[in-house]
Amino acid sequence: MIRYRKPVGVLAWAGQHAQMLTGYYGLVGDPFARGADGKYTNRFNVGGFYLVDPLKSQAMVNARISYSYFRAAANLKLRFRPYAQTDSPYDDPYTPGYRRSIDEWYGRFVIIAPVR
């Protein structure tokens with residue numbers, strides 16, 4: 001979001017649903033700071049995010065969600081969890097050879113980030 005100034009999609013509910021992070025608040029530090037070796041230092045924090053859920057029943061349009069709540073909430077519909085879907089037998093077309101998509105995503109946190 002910071003680099004491209006565009007929303008980021010997240011696969012929510014452990015991969016059963018998609019939500020959007022449309023913004024953030026409480027930025028402390030410089031996300032583009034580099035060390036002497038030229039690598040990013042990653043010494044910055046955000047207070048939280050603005051979350052949009054396309055399901056009307058969730059009634060979340062730019063809902064302000066703190067980072068700590070998004071990370072560890074008891075409410076699993078608002079908590080970002082690792083991908084847990086195991087029902088896709090299809091090959092991942094972006095890797096060489098045959099590799100089921102679940103082998104690549106399962107147990108990982110998945111976002112859809114713009115690159116331009």
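This is a predicted model: local features need pLDDT of at least 70, side-chain atom pairs count only at pLDDT 80 or more; totals for chains, interfaces and linings use all residues.
**Entry 1**

Residues are numbered from 1 along each chain as its sequence is written, and side-chain values use heavy atoms, with hydrogens and water left out.

**Entry 2**

I then followed β2 to strand β5 (residues 48-52), with which β2 pairs in the antiparallel sense over five bridges; here Tyr25 of the pair has Gly48 in β5 as its bridge partner. I count two strands as paired if DSSP finds at least two bridges between them. Put together, five strands form an open sheet in the order β6-β5-β2-β1-β7, with antiparallel pairing. The edge strands are β6 (63-66) and β7 (111-112), each of which pairs on one side only.

**Entry 2: the largest pocket**

Which residues lie nearest the centre of the largest pocket? I found Met1, Ile2, Phe44, Phe49 and Ile111 there, out of 22 lining residues. The pocket search runs on a 1 Å grid over the protein atoms alone, where a pocket is an open set of points at which a 1.4 Å probe fits, with protein on both sides within 12 Å along at least five of seven lines, and lining residues have an atom within 4 Å of a point.

The volume of this pocket is about 620 Å³, a volume being the space filled by probe spheres set on the points, which are joined across faces, edges and corners. β1, β2 (17-25) and α1 (67-72) each supply at least two residues of the lining. By class I read 19 nonpolar, one polar and two charged lining residues, where Ala, Val, Leu, Ile, Met, Phe, Trp, Tyr, Cys and Pro count as nonpolar, Asp, Glu, Lys and Arg as charged, and the others, Gly among them, as polar.

**Entry 3: two asparagines with positive phi**

Most residues other than glycine have a negative phi. I noted that Asn42 has a phi near 55 degrees, a positive value, and that Asn42 sits in the loop between β3 (28-29) and β4 (44-45). Asn42 is exposed, at a relative accessible area of 55%; buried means under 20%, exposed over 50% and partly exposed in between, with a 1.4 Å probe and protein chains only.

Asn62, also not a glycine, has a positive phi of about 55 degrees and lies in the loop between β5 and β6. I read Asn62 as partly exposed, with a relative accessible area of 42%.

**Entry 4: the chain overall**

I recorded two helices and seven strands, which run β-β-β-β-β-β-α-α-β from the N terminus on. Of the 116 residues, 29% count as buried.

How values were computed
Helices (H or I, at least four residues) and strands (E, at least two) are DSSP runs, numbered from the N terminus.
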